Amino acid sequence: MKFRAATLGALAVAAWLLPYGLGSYSIHVVNIALIYALLAIGMGLAMGVSGQINLAQVAFFGVGAYTLAILTTDRGYGFWAAAVVAVLATVATGLFVGVPALRMQSHYLGIVTLGLALGFINWITNASVTGGADGISGIPLPTLPGIDLSSEYLYYYLELVVCALGLGFGLFVVRTSLGRRLRAMRDDSLAAGAMGAEIPLLRMTAFLLASLYGGLAGVLYAGLIRYVAPETFSIGNMFILLAMVIIGGRRSLVGCVVGAIGLTLVREWLSDFSTYAQLGYGVVVVLMVVFAPTGLAGIPSRAKEFVNRRRHGHGRRAEADDRARLRPFQPYEAVERPSSTAEPLLDIRSVTKDFRGLRALDDVSLTVAPGEIRGIVGPNGSGKTTLFNVISGFYRATSGQVRFAGRTTTTARPYTLSLLGVARTFQNLRLFGQLTVRENILVALDRTRTHTIWQYALWQPGVVRRERRLRRRAQELLERFGLADFAESAPGSLPYGIQRRIEIARAMAARPRLLLLDEPAAGLNGEEVGQLAGIVRSIRDSGTTVVLIEHNMGLVMSLCERVTVLSGGGVIAEGTPAEVVAAPEVIEAYLGDSALADVPRPQPVPAPAPAPAPAPEPPGGSPPPASPPSASKEASR
Ligand code: ADP
Ligand code: MG
């Protein structure tokens with residue numbers, strides 16, 4: 001902490017003293033570099049932090065600069081009034097460019113944003129209001145009382161302050177609630193939606209942030225050069241900007257700044273060889289993408305990892321596993337169970353779900369009473385996961401109705417259902433890979449709606465206070481689930497059983513009324529299955545209703561009061577565990593799946609039986625099938 005403050009202080013002093021050592025041309029280059037740094041921070045927020053490919057950043061830059069130019073030269077606005085309008089206009093453009101992100105992702109989004117940028121460039125080159133290819137000159141100087149900004153030395157300080165504030169604000173966003181959600185969306189937008197993140201609004205927010213920085217950069221540029229022309233906002237410059245962000249490290253805003261300043265300086269040195277320089281940047285970008293995908297900013301942590309691995313050799317894994325022993329779960333406080341005559345919490349009425357000719361769910365009806373632990377079993381491909389996807393809003397039922405807590409939720413979105421009190425885990429684990437365990441929990445704990453991001457602009461103490469509250473609750477939850485020892489680890493580095501437990505903890509962070517567990521015992525060893533049974537019981541006793549898809553019949557029989565059996569998308573039996581395993585339809589269904597070995601004998605099993613085999617750590621993080629026969633197919637979700 002002290003070290004950091006010292007570094008920061010030294011940097012600030014160096015930045016403050018810098019102009020004293022520079023000639024008039026050098027300071028001009030530095031001023032340009034700072035403008036690129038602002039642009040790069042905006043790119044980093046959209047692309048690196050939020051995962052939204054944005055190739056329209058030069059257009060945002062251009063909208064800011066041109067709006068200011070037109071308003072000051074043509075409409076008689078003062079510089080600062082025009083600057084405010086210019087930034088607002090850029091943000092409006094950003095929201096417009098962000099609209100396609102609601103429908104498409106990855107390279108499609110890249111193509112569309114690039115297309116919009118090209119359209120903009122075309123327009124400024126040809127329209128008369130923008131001065132065509134000649135651009136607009138005669139932009140007035142920004143005025144500050146007592147400071148003559150016609151001196152590039154003094155202009156530097158204006159830029160420095162804006163950049164420092166911009167970087168500080170960006171880092172504040174990244175490290176608190178909004179940024180965590182944006183990063184969760186980048187890692188896994190489906191899981192983030194299931195945790196209550198309003199994905200469409202967050203996507204727009206990513207573009208809003210990118211355009212805000214683009215607009216600021218545009219205003220500063222127009223004030224510095226006092227002349228705007230199309231070539232500044234060319235596609236060539238867009239790619240230089242992209243190179244800055246990739247070389248610096250798109251996930252780190254500081255990396256983006258370093259990349260922007262570094263590449264501007266290099267570009268200046270190489271200005272006599274600009275033809276070859278362009279090629280050179282391309283080569284460097286390719287090399288970075290291949291060998292250092294996290295950019296310069298990622299190199300320290302990669303180096304550290306490398307050294308650690310060399311030092312500890314193979315023993316490290318075992319040591320890590322030993323350190324990573326799960327602490328026991330601390331049960332929730334039990335509440336009184338609701339009477340069994342209460343209105344059902346979940347009511348599924350004749351739900352059918354078709355996938356292009358394949359009927360995954362066929363007229364399924366099912367009610368779950370509050371306080372119940374309901375088991376859902378069935379052969380692979382019988383529609384169990386699809387049923388969860390319909391309940392949690394990932395899929396929309398082709399026909400039929402889903403009611404939750406007395407409301408019709410057939411067409412509700414995942415985040416709406418999450419806010420209403422539905423939480424789930426995933427058959428194939430969907431933890432946020434680039435977030436720490438603690439951050440995974442924090443994302444789910446955070447129940448604030450996206451529209452509260454106005455606080456970031458107007459009332460930052462509100463954000464800080466909320467953050468503190470969330471962190472306290474995250475610590476409690478980590479301790480309850482025995483996860484406090486690896487709160488700062490990346491989930492992917494932890495043993496499989498622990499990852500499963502993190503998923504349950506994350507789902508419980510929302511204090512849901514209904515918890516959907518999709519094969520929570522898959523891949524767990526016998527001891528872990530026993531612990532799981534205890535956890536699920538405690539969750540139910542705390543007032544959360546549980547629906548459990550499971551292949552481990554010992555666990556189902558020991559936990560569930562009622563079991564629903566699906567086969568071929570339809571309900572073929574429902575009743576107590578003992579009743580369903582004796583039902584002829586059920587035996588036949590499993591026989592048809594040639595998984596007779598999976599059919600439990602109709603005697604009650606007292607304690608959770610151990611899983612079929614002690615689970616080795618699964619390759620590539622995908623779970624081994626819970627039951628040896630009929631290897632479980634990777635369900636889509
Ligand atoms: P279970 O969880 O019981 O093993 P699923 O619900 O995953 O089964 O799948 C039921 C059927 O629906 C399977 O035949 C599967 O291939 C199909 N299915 C599930 N999701 C999709 C999807 N997104 N698109 C097409 N088919 C799907
Ligand atoms: Mg499934």
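**The magnesium site and its surroundings**

Reply: Both Thr385 and Gln427 are buried, where buried means under 20% relative accessible area, exposed over 50% and partly exposed in between (1.4 Å probe, protein chains only). This is a predicted model, in which local features need pLDDT of at least 70 and side-chain atom pairs count only at pLDDT 80 or more, while totals for chains, interfaces and linings use all residues. Residues are numbered from 1 along each chain as its sequence is written, chains are lettered from A and ligands numbered from 1 in the order in which they are written, and side-chain values use heavy atoms, with hydrogens and water left out.

Thr385 (OG1) and Gln427 (OE1) coordinate the magnesium ion (ligand 2) at 2.0 to 2.2 Å. Donors are N, O and S atoms within 2.8 Å of the metal (3.2 Å for Na, K and Ca); water is not among the atoms, so sites may look incomplete. The pair links distant parts of the chain, 42 residues apart: Thr385 belongs to helix 15 (residues 384–391), and Gln427 lies in the loop between strand 8 (422–424) and helix 17 (437–445). Helices (H or I, at least four residues) and strands (E, at least two) are DSSP runs, numbered from the N terminus.

Two charge-and-ring contacts may also be described. The charged end of Arg424 sits over the ring of Phe394, 4.8 Å from its centre, and that of Arg506 sits over the ring of Phe432, 4.7 Å from its centre. A charge sits over a ring if NZ of Lys or CZ of Arg is within 6 Å of the ring centre and within 35 degrees of the ring normal.
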